[in-house]
Amino acid sequence: MQLTLWTYEGPPHIGAMRIATAMRGVHYVLHAPQGDTYADLLFTMIERRDQRPPVTYTTFQARDLGGDTAQLFKNAVADAYERFKPEAIIVGASCTAELIQDDPAGLALALDLPVPVIPLELPAYQRKENWGAAETFYRLTRGCIGAFPRPARTTDRLVKTCNILGPTALGFRHRDDLHEITTLLGQLGVSINVIAPLNARPSDLARIPDADFNIVLYPEIALNLATWLERQYGQKFINITPIGVGATRDFIAKVAELADIDATAMLTQTASRLNWYSRSVDSTYLTGKRVFIFGDATHAIAAARVAADELGFEVVGLGTYAREFAREIRTAAKLYNIEALVSDDYLTVEAAITAANPALVLGTQMERHIAKRLGIPCAVISAPVHVQDFPARYSPMMGFEGANVLFDSWVHPLMMGLEEHLLGMFREDFEFHGDAAPSHLGGKPVQAQPEPVLTTNQATAIWGADAEAELKKIPFFVRGKARRNTERYAAEQGTALINIETLYNAKAHFSS
Amino acid sequence: MNDLTPISDVAIPKIGCGDLPVLRERGQREVFCGLTGIVWLHRRIQDAFFLVVGSRTCAHLIQSAAGVMIFAEPRFATAIIEERDLAGLADANDELDRIVDQLIERRPDIKLLFLVGSCPSEVIKLDLSRAALRLSKRYTPALRVLSYSGSGIETTFTEGEDACLAALVPELPASPAQSLMVVGTLADVVEDQFRRLFAEMGITNVGFLPPRRAADMPPVGKGTKYILAQPFLAGTAVALDHRGATRIAAPFPLGAEGTALWFKAAGRAFDIAKSKIDDVLAKPVARARAALMRQRAVLEGRTIFFFPDSQLEIPLARFLSRELGMVLSEVGTPFLHREHLAEELALMPADVQLSEGQDVEKQLDRCRAAAPDIVVCGLGLANPLEAQGMTTKWSIELVFSPVQGFEQAGDLAELFARPLRRRALLKV
Ligand code: SF4
Ligand code: SF4
């Protein structure tokens with residue numbers, strides 16, 4: 001058993017729902033008790049979808065357990081087919097039904113429906129949401145290929161085509177990323193064969209093998225499938241996540257290579273404002289800002305590159321909750337000379353952030369809450385999602401416009417350039433007294449709350465009057481940090497009384 | 001209000017709901033399981049911790065139902081069963097003990113721990129009541145450990161609270177003294193209002209179940225008369241009966257009328273003079289009626305359709321039809337407790353269509369055909385219905401917000417009026 005306060009990922013059948021809900025013409029019959037229907041609200045409330053997910057739950061009860069839950073399941077499949085007339089059906093069990101072993105696959109196939117029926121085995125006690133989504137996408141595509149007629153593939157086409165694989169329902173900015181990337185491919189002159197699963201039909205999945213190559217937009221969802229397609233159909237795939245200016249250029253170069261086109265024009269133009277904004281003098285103040293990054297592996301790794309290479313931040317923490325991608329995140333962390341954090345324990349992540357004491361957190365909704373408590377600015381870069389992660393405006397993470405979005409959404413939470421400088425200069429003026437906060441932070445002083453959970457056994461050193469007075473001279477917006485750093489330094493050095501010496505020793509120690 | 005009859009004179013006819021036709025459905029249900037009750041129970045009992053023994057699905061449900069993750073360390077958590085527990089590689093009871101140790105080390109302030117059963121823990125027959133006994137012994141007297149089931153195969157949404165309170169009843173201190181017990185979670189502000197009114201009527205020995213703190217469990221015994229503040233407490237009532245307490249039958253304290261009848265029933269049970277009761281209630285009833293008057297303009301004559309959710313549907317429908325002039329389309333409830341709802345059913349219009357249980361697709365068909373002015377439904381259905389042009393009210397808010405009592409009657413009506421007013425405002 002594992003003690004869990006908050007989870008980063010839902011169970012694997014939620015992943016399957018993200019695929020079914022993204023698509024058209026698919027229905028998912030899930031053997032599950034009534035409470036599991038909560039999953040609908042993820043889509044209708046968080047993502048504000050205007051339709052219910054295409055899911056029928058059997059909602060068996062305790063009194064059914066002695067009787068015939070298998071019959072209940074069979075009826076549910078038959079009724080769902082009659083009512084929704086889907087082009088393909090996926091069937092499976094949630095955690096509880098997995099235990100009662102009714103064999104949804106056999107039961108559904110026995111109905112002999114005139115559409116493909118694809119059974120899913122999603123081990124609920126071992127796997128999680130993203131794995132479930134990837135497995136479903138792979139099984140469903142395999143099941144649909146061959147089940148639908150498709151025109152013979154024309155060899156030696158003049159224009160190469162690609163598939164875009166990965167965008168789902170309830171995905172972090174998938175809708176806007178997809179728009180950005182399809183526009184980009186259009187400008188490059190690459191034609192798109194199939195986009196899946198978002199808005200695809202089962203018959204579209206059957207056409208996936210027709211393309212020349214695949215674009216894996218979200219490896220968590222589509223890498224399995226792309227790997228299989230490469231083995232099976234010799235389709236090469238691109239697994240470069242185009243987040244940030246550099247990665248977008250790498251992506252374009254690779255697309256150009258596989259599509260046999262010349263992308264020089266697009267690679268030499270400056271398509272994003274990030275380049276100039278980051279070079280403009282105002283951004284000098286961003287130099288070396290300590291940033292802690294946590295999320296799904298793809299977004300975390302991509303964010304680290306942007307933070308280090310395009311904004312000049314210092315990456316002091318990098319981690320993911322997705323164990324499946326532990327190797328990738330460890331490799332990436334080496335670039336920044338840090339140890340990657342691989343954990344889905346919210347409290348471990350909180351402890352790591354507290355210890356790293358960053359100036360900015362880039363994380364999920366969970367880290368947003370941690371950062372809020374610690375009084376550290378934060379921007380959200382990854383699922384798990386929240387209603388705020390589906391903004392009304394166009395707000396991609398990917399491509400050149402995505403880079404602009406990253407610049408704005410990461411830099412605004414920080415105190416900015418001249419403003420920070422002016423506050424420092426005028427801090428003793430009455431309007432800028434130490435308790436005042438910049439007006440853009442909403443009027444209330446942002447204060448780090450002491451975290452009882454994390455108190456260590458190290459005794460906190462006592463502040464001498466001289467050091468306390470000196471501390472007051474430090475601009476208020478870094479004072480809290482200076483205090484924490486000094487206390488940490490004192491604890492590490494075994495110093496019981498903090499004097500001016502300790503204060504400056506600590507400053508020297510932490511700024512090196 | 002059109003109905004100027006003083007509330008005290010409304011006679012409650014003694015009929016059962018056998019008189020009202022009930023459509024019984026058994027199909028796909030679109031409701032939460034009893035684990036959801038943790039979201040409000042943990043806020044009410046401020047030193048209790050709820051440990052669900054379940055799957056990642058259970059953890060995800062509570063997190064999603066709680067909506068925002070606002071609490072640094074919430075007073076609920078899930079012990080997620082893993083493959084090794086199922087494969088017998090780890091003894092589930094040892095594992096549970098280890099997790100509780102871990103929890104108590106982190107939260108020594110916890111006085112009452114609930115082990116909450118889920119579908120997986122029940123299907124693998126993990127005996128949480130035995131585990132609770134064992135752990136209680138280990139931690140006594142600092143901590144009491146109890147268990148109940150919030151599983152979706154046993155409980156529907158608010159029935160989780162019923163199971164929780166029923167587990168508390170055997171723990172209540174015994175006392176033969178005359179006392180009144182109000183049963184069912186109420187917001188603190190509502191509890192305080194109710195205490196004041198009871199005190200004015202002359203009933204002072206009043207306890208609330210669940211209490212705000214684990215140490216304040218109300219005593220129970222032969223002298224205890226209890227009155228339900230919530231309609232979904234079947235199991236708790238049986239447990240209280242076993243302890244010798246007797247139930248005061250009454251409608252539920254929703255709206256001016258329901259609240260007045262509820263207080264009158266309590267007053268009568270304690271032999272308070274009718275004039276005294278009327279005196280005490282006169283002002284709050286008048287205030288509540290005035291507040292309702294304002295919402296009546298928006299709601300009168302509008303039709304309303306209830307999907308089954310919390311078992312509050314029938315009292316709510318009674319309130320909306322009698323005090324606000326709404327027209328009842330279908331009133332669905334997950335479970336119809338005929339005895340506890342007898343006083344409510346007697347007040348319902350004779351032509352009401354009640355339904356019990358659910359077959360969600362068929363019910364959606366009926367709802368679309370009825371085209372009501374407003375639909376009360378769960379979060380999974382609300383936006384899709386709005387997209388089809390219907391106006392909806394999410395039912396979960398009716399459970400999370402303080403809606404009981406005189407002072408909240410206007411707020412309760414406002415919850416239904418707001419979506420209609422909003423729809424009228426929007427020009428997009
Ligand atoms: S219905 Fe059962 S398995 Fe699903 S969340 Fe509720 S208790 Fe857990
Ligand atoms: S007034 Fe507001 S925006 Fe302008 S410098 Fe001050 S804090 Fe920043």
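Which residue takes a positive phi just after α17(A)?

Good morning, colleagues. The structure shown above is a predicted model, in which local features need pLDDT of at least 70, side-chain atom pairs count only at pLDDT 80 or more, and totals for chains, interfaces and linings use all residues. Residues are numbered from 1 along each chain as its sequence is written, while chains are lettered from A and ligands numbered from 1 in the order in which they are written.

Let me begin with chain A as a whole. Its secondary structure comes to 22 helices and 16 strands; helices (H or I, at least four residues) and strands (E, at least two) are DSSP runs, numbered from the N terminus. Of the 512 residues of chain A, 49% count as buried. A residue is called buried if 20 or more other C-beta atoms lie within 10 Å of its own, exposed if 12 or fewer, and partly exposed in between, with C-beta atoms placed from the backbone. Two residues are in contact if their C-beta atoms, again placed from the backbone, lie within 7 Å. Among contacts in chain A between residues at least 6 apart in sequence, 70% join residues at least 24 apart.

I turn now to a sheet in chain A. It is an open sheet of four strands in the order β7-β6-β8-β9, with parallel pairing; strands pair if DSSP finds at least two bridges between them. β7 (191–196) and β9 (236–238) of chain A stand at the edges with a single partner strand each, so one side of each has no neighbour in the sheet. On average, neighbouring strands are turned by 25° against each other, direction ignored.

Consider β6(A), residues 161–165, which is joined to β7(A) by five bridges. T161(A) has S191(A) as its bridge partner in β7(A), and N163(A) has V194(A) there. Four of the five residues of β6(A) are buried.

What lies against these strands? Helix α10 (residues 219–233) of chain A packs on the sheet, touching β6, β8 (213–216) and β9 of chain A, and its direction makes about 160° with that of β8(A). Helix α11 (residues 245–259) of chain A lies across β6, β8 and β9 of chain A, at about 165° to β9(A). For such angles, axes are lines fitted to C-alpha atoms, for helices over the stretch in contact, and the angles run from 0 to 180 degrees between N-to-C directions.

Next, the two chains together. In this model, 48 residues of chain A are in contact with 50 residues of chain B. Among the elements that give two or more residues to chain A's side are β1 (2–4), α2 (39–46) and α17 (365–374); α2(A) gives the most, with five residues. The pairing of strands also spans the chains: β1(A) and strand β3 (residues 76–80) of chain B run antiparallel over three bridges, with T4(A) opposite T78(B).

Ligand 1 is surrounded by residues from chains A and B, so its site is shared between chains. There are 17 residues around this ligand, the closest being G35(A), C33(B), C58(B), C119(B) and G152(B); a residue counts as near if its C-beta atom, placed from the backbone, lies within 6 Å. α2(B) gives the most to this shell, with three residues. By class, the shell has eight nonpolar, eight polar and one charged residues. Ala, Val, Leu, Ile, Met, Phe, Trp, Tyr, Cys and Pro count as nonpolar, Asp, Glu, Lys and Arg as charged, and the others, Gly among them, as polar.

Finally, I return to α17(A). Seven of its ten residues are buried, so this helix is largely enclosed by the rest of the structure. Those buried residues include Q365(A), H369(A) and L374(A), and what covers them includes β10 (290–295), α16 (346–356), β13 (360–363) and β14 (378–380) of chain A. Just after the helix comes the residue of my opening question: G375(A), with a positive phi of about 70°. Thank you for your attention.
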